[in-house]
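I opened a new notebook page for this one.

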Amino acid sequence: MKKKIFIPFVLCFLVFFSNAQDKYFTKTGKINFSATAPSSPENIDGINKSVICVMDSKTANIQFSVLMKGFEFERALMQEHFNENYVESDKFPKAEFKGSITNNNSVNYSKEGTYTVKVKGKLTMHGETRDVESEGKLIVKGGKINAVADFAVLLSDYKVSIPTLVADKVAKTAKITVNCLLEPFKG
């Protein structure tokens, strides 16, 4: 009798466990934002270390979410201008990306290594949503996955306007660098 109860329990556990291993998560990912113009004497760089990222290795879906007020800048005045004048953080508190890895079948999630991936999806920032595509890397090591990507964002596409007074200091295109160390989801 105990055997009859135990076997279905083990099978249910194995099914749940295998599904859980397909999902990876972090809430301590990093996004660097750089909008330094080539002629600018000062760096306009921000970093956010509280990026939430969820990835499903089976479906290839990936999603990032970041609170705009979480970006930290070298100077407090830059941070204030970033939040109040440019991205209007009170009105548009977060940016998010929802998409998928288009060449997911080229990644062996059970084998350590570095895999070049292509990601395609929609980036929403400052109330605007645009299609984006980027190449990145998934580094599989020790049961974790490090997701790394660089891409450029044309600020005018997201209706982020730069005042003429500082136009020579702020680049029209911002460079975004994503680095998220994902661990198996334990939910």
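**Entry 1: what I have.** This is a predicted model, so I keep that in mind throughout.

**Entry 2: backbone angles.** I started with lysine 159. It isn't a glycine, yet its phi is positive, near 55 degrees. I looked up where lysine 159 sits, and it is in the loop between β8 (144-154) and β9 (170-184). Is lysine 159 buried or exposed? I found a relative accessible area of 54% for lysine 159, so it is exposed, the cut-off being over 50%.

Next I turned to alanine 60. Here, too, phi is positive, at about 75 degrees, in a residue that is not a glycine. Alanine 60 belongs to the loop between β2 (45-56) and β3 (61-67). The relative accessible area of alanine 60 is 7%, and because buried means under 20%, I wrote it down as buried.

**Entry 3: ring pairs.** How many aromatic pairs does a search of the whole structure find? I got six.

One of them joins phenylalanine 25 and phenylalanine 185. I noted 6.0 Å centre to centre and 75 degrees between the planes, an edge-to-face pair. Which parts of the chain does this pair link? Phenylalanine 25 is in strand β1 (residues 23-36), while phenylalanine 185 is in the segment after β9. The two are 160 residues apart, so I marked the pair as a link between distant parts of the chain. I also checked how open each partner is. Phenylalanine 25 comes out partly exposed at 29% relative accessible area, and phenylalanine 185 is partly exposed as well, at 37%.

Then I looked at phenylalanine 71 and phenylalanine 82. Why is this pair edge-to-face? The planes of the two rings are at 65 degrees, and over 60 counts as edge-to-face. Their centres are 5.6 Å apart. I found phenylalanine 71 in the loop between β3 and β4 (72-73), and phenylalanine 82 in helix α2 (residues 76-86). They are eleven residues apart, and this pair too links distant parts of the chain. Phenylalanine 71 counts as buried at 3% relative accessibility. Phenylalanine 82 is buried too, with a relative accessible area of 4%.

**Entry 4: a cluster.** Last, I asked which residues the ring pairs link into a cluster. My list reads Phe33, Phe71, Phe73 and Phe82. Two of these names, Phe71 and Phe82, were already on my page as the edge-to-face pair.

Definitions and conventions. Residues numbered from 1 in each chain as written. Predicted model: local features only at pLDDT ≥ 70, side-chain atom pairs only at ≥ 80, totals over all residues. Heavy atoms only, no water. Helix = DSSP H or I, 4+ residues; strand = E, 2+ residues; numbered from the N terminus. Buried < 20%, exposed > 50% of the residue type's maximum accessible area, 1.4 Å probe, protein only. Phe/Tyr/Trp six-rings, centres within 6.5 Å; stacked < 30°, edge-to-face > 60°.
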